[in-house]
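Dear colleague,

I am passing on the structure below, together with some notes on what turned up when I went through it. Please read the notes with the coordinates open beside you.

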Amino acid sequence: MMKRNLLLLLGVIVLAVGPLIFHSKTAKFSGSDDQASELISTIQPGYHRWALPLWQPPSAEIESLIFAVQAALGAGLLGYYFGRRRGYAEGKGASEGRATH
Amino acid sequence: MHIMEGYLPASHCVAWGAVSAPFVVAGAMRVKKVVREHPEVKLLLAASGAYVFVLSALKLPSVTGSCSHPTGTGLAAALFGPTVTTVLSAIVLLFQALLLAHGGITTLGANIFSMGIVGPFVAYGLYRGLPAVGLGVPAAIFAAATLGDLSTYVVTSFQLAIAFPDPAGGILGAAVKFLGVFAFTQVPLAISEGLLTVIVWNLLGKYSREELSTLGALQGRPA
């Protein structure tokens, strides 16, 4: 299973790194939501954005900080979950092993 | 990427909110029931939400030369069903709307509809349906996560197209343009999400068999 998972992970890395190499000279890699709002302003130039976010991260650095916190919280919890389950599975195997000896 | 604050007319915001609200309520009731009857799956529920959290935070480059992020909803949909996933998605969307100015409060209903309802229902349907026609469970999980992700952005494109029809091409003409921005960008990201979800599924199969059988999530899979 480990080998198969590593192969799958390699696939993810290729899919993420590929575009960076492929488009290294030309693309800006802006967000698709920004492109959508540009598209809206060409389709309906008079559209007035009638609500603005209650709060905006004051800079790109702070925004990436909050995104990193979001990812860290999620990854931390996932790691905790699998760590617990693995420890439980191994602990159970060990105690069963002792019981038979 | 979700529809940004203020980018849907107020009437659309209300309409999408009204469509999504019953799913959020049904999902919240289901979460309560599952947790009450099977407290041992609480941690797995939290881990499924954490997966949505992580994947929604990963803005990845795409072949179109722009960036977007996966949704992470396919895993929770397969494990807990679509309406539970609606609740998890709503939490993540609210977090990003309030703290990241990503998505929005006015567009929350529309974004819950695409990410928390259509995506998870597509994923759940494929997860249940594909093994029934003979496909293996890992392949079904891959298809569920990939197409659940992609369908979310197809819906986003149509939601914007309905709000901003093209002067020449109408709603369909606008949909083609928005699909070009959202859906095409999303294809490699959706595949990445499919691959990652299979990895997590493999780990669950190894370490969490008891929970999986509690959830009936291993249905149709030889033990």
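Why does Ala71(A) count as partly exposed? The model is a predicted one, and in it Ala71(A) has 17 C-beta neighbours inside 10 Å, a number that places the residue in the partly exposed class because that class lies between the limits of 12 or fewer for exposed and 20 or more for buried. Ala71(A) sits in helix α3 of chain A, which covers residues 60-100, and, once its neighbours within four places in sequence are set aside, Ala71(A) is in contact with Val54(B), Ala57(B) and Leu58(B).

Turning to the contact between the chains, 52 residues from chain A and 54 residues from chain B take part in it. On the side of chain A that touches chain B, the elements giving two or more residues are α1, α2 and α3 of chain A, and α3(A) gives the most, with 15 residues. By residue class, that side of chain A divides into 32 nonpolar, 13 polar and seven charged residues.

Phe29(A), in the loop between α1 (2-22) and α2 (32-43) of chain A, has a phi near 55 degrees, which is a positive value in a residue other than glycine; Phe29(A) is partly exposed, with 15 other C-beta atoms within 10 Å. In chain B, Ala101(B) lies in the loop between α4 (82-99) and α5 (108-132), and its phi, near 50 degrees, is likewise positive in a residue other than glycine, while 18 other C-beta atoms within 10 Å make Ala101(B) partly exposed.

With best regards

Conventions: Residues are numbered from 1 along each chain as its sequence is written. Chains are lettered from A and ligands numbered from 1 in the order in which they are written. This is a predicted model: local features need pLDDT of at least 70, side-chain atom pairs count only at pLDDT 80 or more; totals for chains, interfaces and linings use all residues. Helices (H or I, at least four residues) and strands (E, at least two) are DSSP runs, numbered from the N terminus. Two residues are in contact if their C-beta atoms, placed from the backbone, lie within 7 Å. Ala, Val, Leu, Ile, Met, Phe, Trp, Tyr, Cys and Pro count as nonpolar, Asp, Glu, Lys and Arg as charged, and the others, Gly among them, as polar.
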